[in-house]
Amino acid sequence: LAQGQSLCSSGGSFVLNEGGDFDTERLAQGQSLYSCGGSFVSEDGDSLDASTVDNGNHVAMRKAAHQLALMGPVSTCEDAMAVIRCTATVAASNLQAGSDNQARDLLQAHVQEWLLRSLGLNEEDRRLLIAEFQSLCRHGASSEAAIEPALHELWSMRVQNCAIHFKQGTDVVRNGNTWSADSFLGNVNDRKTDMTSLVLCMRILSPECHCTVYEYLRMCSQEQACGLHEWDVFLRVWDTPYSRCVKESLYSTFVQIWRASVALHPFIREVIPKLFCGFNVYEYTKGEKDLQFTLDDGCVATRTYKLSYDTGEIRVEGEGVIYGLYGLKEFFVKNGGPKLMAELLVAVGIGKTVAFDKIHRGWRIYDLTTGTWRHPSTEHEPQSIVGDTVMQQLEPLIQLQSFRGTQCPWSGAADDEGSGDDCNSSDETGEDDECDSDEQDQNGGPLNSSSHTSARGGRK
C-alpha cells in the first residue's frame, strides 16, 4: 500500500499515499480520495474536510455522478435535456446549500462524458446542452427539498436506459474476483449493451487494452457493433479525450457495478435484489454475526440494512423487521411432516396464490391479471406453485449458507426421537392440509383475505 497500489472495493477505488493513513469508515462511503496524514485530498490536490465529504451535499453530487456514469445514450435533445435538468437541480441545490464548485465541475465533466455516448447529437447540440446545464446551475431556482425527487428521477432514467448490461444467472462467467478487461467483456450482455458506451468506458477502464476491445467488437454482429468493427471508426471513438477528474469516478463506478453484477457471491448479487424489488446492493460489510448492506435505490439518504445470521431477520432503522429468511425454520428444527409444512406455507402467504375450494372440491389459482380465482390450467399446476414457493423460501438459505461458509445456526437442532410425529395427523382425504377457500370474494378478490402475513416469509 505504501507503494501506491490501488485498493478495490465495492465502494470504489482507493489509493494510499506514502506515509498516509486511511479511515475505512469514510472510504466505505464510496468516495475516491487520497489520504494524507488523516486528512482527505482530492486527486486534483484540493483539500476536502472530512465533514464536507460526509455531508448530504457531496453525497447527492456523488450519487448523481454515479447515475450519469451508468446512463445510456439518448437520441434527441429533448431526452438529453430531461437528464440535464435533473442533474442541474442536484448541482444548483448543493451550490445554494454552500457546496463548492469542485463538485459541480465534476458533475459537468460527467455530463460531457455522457453526452459523447449519444451519436444522435452533434457537437452544436452538446455545446448548447452544456451551456444550459451551466445556466441552470447558476440561476436555477432550486432548494435542498428538490434534491431527492431529482436524484430519484435520474436514477429511474438510468435504470430504464443503462449503458452496459451484464449477463445474469448461469450465464455469468466467473474468473475469480480480480477485475480484468477479459473478465469484464466476457460478462457483457452484447444484445442489450450500447457498444459506443462500452468503448468509451473501456478507454478509461483499460486504456492499454484497445486491441482486446476491438477483437471483442469484431466478434459481434455488424448491427450490434454500430460500425465500430471498422478499425478507423473504432480508433476515432477510442481516442476521444476525457477529463482527468472523471477517470477515477468512472473507474470506481464500473468496477463496483461489475463486482455487483458478476464477481460477488450470488447471495449478494441475486438473492438480495430479489428481496428488494430488484435494487442491487451498493455496499456491504460481512461481519461475524450479521451482514450490513446499502442499496442502489436512488435515494439521497443512505439506509443501512442489517441481516442477523441468528434470526434471519433483515432490519432497518426506524422500521424494524422488514424481511425474514427463516420462514421454514420450524420445519427443519422439528423434522416436520406434511401438516407442518402446509401450515408454514400458509404462514408465508401461499394462500394468496393457490387455495382449495371445498365447495367445488378442487384447487383454484389466483389470477393477478383479472383479479379472479380460476381453475388450474394443467393438472399439476397447484403442485408446481407449491414447489416454487418452497424453493423461494429455501434458495436464500442455500445461498446464505454458501456465502457464510457455514450452516445456519439452528441446522441440526431437530430431535430425531420426535421426528415426523405429524406425518399421519391428517385424515385420508388430506383435507386438513389444504388451504380452505370457503371465504371466496364474490367480486373475485383473493381467497382467505384474512390469511396470515408474517415477517418470516416476506415483506411486511
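Modeller: Gladly! Let us start with a cut-off: an angle over 145 degrees between two axes counts as roughly antiparallel. Please keep in mind that this is a predicted model.

Colleague: Thanks! Why are α14 and α17 called roughly antiparallel?

Modeller: Helix α14 (residues 266-275) and helix α17 (residues 381-404) pack at an angle of about 155 degrees. The cut-off is over 145 degrees, and α14 and α17 are therefore roughly antiparallel to each other. Their axes are 10 Å apart, and the crossing is left-handed.

Colleague: Which residues of α14 and α17 meet?

Modeller: From α14 come P266, F267, I268 and V271, and they meet P396, Q399, L400 and F403 of α17. By class, this contact has seven nonpolar residues, one polar and no charged ones.

Colleague: Now to charged pairs. How do you know that E113 and R203 form a salt bridge?

Modeller: The side chains of E113 and R203 meet with N to O at 2.8 Å, and the limit for a salt bridge is within 4 Å. The pair links distant parts of the chain, with E113 in helix α5 (residues 101-115) and R203 in helix α9, 90 residues apart.

Colleague: Is E113 buried or exposed?

Modeller: Buried means under 20% relative accessible area. E113 has 5% relative accessibility, so E113 counts as buried. R203 is buried too, at 2%.

Colleague: How many salt bridges does the structure hold?

Modeller: The structure holds 13 salt bridges. One of them joins R126 and E123, at 3.2 Å from N to O. These two are three residues apart in helix α6 (residues 123-139), so about one helical turn separates them.

Colleague: Why is E123 called exposed?

Modeller: Exposed means over 50% relative accessible area; E123 has 58%, so the label applies.

Colleague: What makes R218 partly exposed?

Modeller: R218 has 41% relative accessibility, so R218 counts as partly exposed. E215 is also partly exposed, with 38%. R218 forms a salt bridge with E215, the closest N and O atoms being 2.9 Å apart. Both sit in helix α10 (residues 210-218), three residues apart, so about one helical turn lies between them.

Colleague: Which residues are linked in a network of salt bridges?

Modeller: D367, R374 and E381 are linked in such a network.

Colleague: One more, please. Where is the place of S143?

Modeller: S143 lies in the loop between α6 and α7 (147-160). With a relative accessible area of 36%, S143 is partly exposed. S143 and A92 are 51 residues apart in sequence and 7.8 Å apart in space, C-alpha to C-alpha.

Notes
Residues numbered from 1 in each chain as written. Predicted model: local features only at pLDDT ≥ 70, side-chain atom pairs only at ≥ 80, totals over all residues. Heavy atoms only, no water. Helix = DSSP H or I, 4+ residues; strand = E, 2+ residues; numbered from the N terminus. Buried < 20%, exposed > 50% of the residue type's maximum accessible area, 1.4 Å probe, protein only. Axes fitted to C-alpha atoms, helices over the stretch in contact; angles between N-to-C directions. Parallel < 35°, antiparallel > 145°, perpendicular 65-115°, else oblique. Left-handed = near helix turned anticlockwise from the far one by under 90°. Contact = heavy atoms within 4.5 Å. Nonpolar A, V, L, I, M, F, W, Y, C, P; charged D, E, K, R; others polar.
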